[in-house]
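Please read the model below alongside its sequence.

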Amino acid sequence: MEQSKPYPQLIASGIASGTLYFLLYFYEPEILAAFTRTDGWYPALPVVAAFAFSFAHGAFTAYFWEVLGVKGRRK
Amino acid sequence: MDSATIQFIDLQYGNVLALLAIGFVGGLVSGFIGSGGAFVLTPAMMSMGVPGVVAVASNLCHKFPKALVGAHQRNKFGHVDVKLGLVMAASAAIGVWLGADIQHQIKGNFGEPGSNLYVSLAFVIVLAIVGGFVLHDAVTVYRSGKSDEQDRVSRLARWVQSVEIPGTMMHFRTANIRVSVLFTLPLGFATGLLASIIAVGGFVGVPGMMYVLGAPGLIATATELVIAFVMGFGGTIKYALHGLVDIRLALILLAGSLFGIQLGVIGTIYVKPFMIKVVMAAIMLIVAVSRGLVVPVYLTELGQLDIEPSTMAWLQMASFALLVLALCVGAIIIIAAMLLGHRAGAIRLKESAPE
């Protein structure tokens, strides 16, 4: 039986990833200033952002290839 | 470090596109051989005017999420030995720490050219030897006509696995090996040491896991992503504490590399196991030549050689071009192998654990 393609997941993760990248673009100066601060908990910002983007964009890229039909057989 | 003195570059569209493209190719290679990309990404960023430390910091900030996604995906195919990765990462961390110290000493004593010469020599010596060895192995496997089989264990690895040292033995289920930590310790250490010098520890880590510990290529390359994650994460924290991470660069690289790494991971399922060795060897050897080209440049800067400035400039351009070529060659081989594997009509169900 042919599994249906994960279009809803692709769209949802695409919106999440796209939103994050849009925010990065739109607030570029403020983000750069905040993310290079060395006081308090500011150094944690790059790490937190990296994780957030990896979840959203990681999911999107996985679904992207799956929708295109590129996938391997899972364990 | 005073962040007011650090220049964060003005990002142009051309820079962004270049970072996306290079990130994609780097990710593709990483998903396939567990490492790679950093030696192109960091110089590429620097050629855009990014200060060296910012380039290294930003690359590390992109490396650990990329490795996380790659490891997660490869884990679905049963390739990741998390325990082995963590054990190796523990001693790799010490290697990185010591390696950074050595770099600092050399820079202090011999300046920038001395440091560059040290880095380039490390590239050439390590990559030529290891790359040559991996290529020889890949050719041997191909000629034996048994390229579909799982990797056979090297003689050295068989000996390592036979050594019983009470109280130090560890069993690694996914890699299906039982070895003393007295072997993983120096291997992890060497991985970290090399990572601190050339930014790619996997060029020692992956062959080390394969030929010294006897882990199959598929497991070694996937497990390397765990080590990369730990080192990238630790390194990012260290640089972030100094305000050196340009999050824009890291996230733009990630935008491209996550597409690439997903594809590279899937590629490991489509192709014959020995192709991993072919890609590794090809990249290592081209990079070795690339770095070898600039050794005369640094020798000249140190006053040991005398070369025309125009020749030096040409050598440096050729060197960078070869770096990019190395990554592209790796990517082309991966994609070609995937297409061939797909066209053969056989999407083989790979064993999740070796026999």
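**Helices, loops and cysteines**

In chain B, α4(B) and α7(B) are roughly parallel to each other, a term for angles under 35 degrees, whereas angles over 145 count as roughly antiparallel, 65 to 115 as roughly perpendicular and the rest as oblique. Helix α4 of chain B covers residues 82-143 and helix α7 of chain B covers residues 202-212; they pack at an angle of about 30°, with their axes 2 Å apart. Axes here are lines fitted to C-alpha atoms, for helices over the stretch in contact, and angles run from 0 to 180 degrees between N-to-C directions. On the α4(B) side, the residues that meet α7(B) include B:L84, B:M88, B:F133 and B:D137, and on the α7(B) side they include B:F203, B:G205 and B:Y211. Sorted by class, this contact has 12 nonpolar, one polar and one charged residues.

This is a predicted model, in which local features need pLDDT of at least 70 and side-chain atom pairs count only at pLDDT 80 or more, while totals for chains, interfaces and linings use all residues. Residues are numbered from 1 along each chain as its sequence is written, chains are lettered from A and ligands numbered from 1 in the order in which they are written, and side-chain values use heavy atoms, with hydrogens and water left out.

Helix α4 of chain B also holds B:Q103. Is B:Q103 buried or exposed? At 16% relative accessibility, B:Q103 counts as buried (buried is under 20% relative accessible area, exposed over 50%, partly exposed in between, with a 1.4 Å probe and protein chains only). Apart from neighbours within four places in sequence, B:Q103 is in contact (heavy atoms within 4.5 Å) with B:S115, B:Y118, B:V119, B:S196 and B:I197.

Two loop residues of chain B come next. B:N176 lies in the loop between β1 (169-172) and β2 (177-180), and has a positive phi near 60° although it is not glycine. B:A199 lies in the loop between α6 (181-198) and α7, with a positive phi near 75°, again in a residue other than glycine. B:N176 is partly exposed at 40% relative accessibility, and B:A199 is partly exposed at 27%.

Last come the cysteines. A disulfide is a covalent bond between the sulfur atoms of two cysteines.

Note on methods. Helix = DSSP H or I, 4+ residues; strand = E, 2+ residues; numbered from the N terminus. Nonpolar A, V, L, I, M, F, W, Y, C, P; charged D, E, K, R; others polar.
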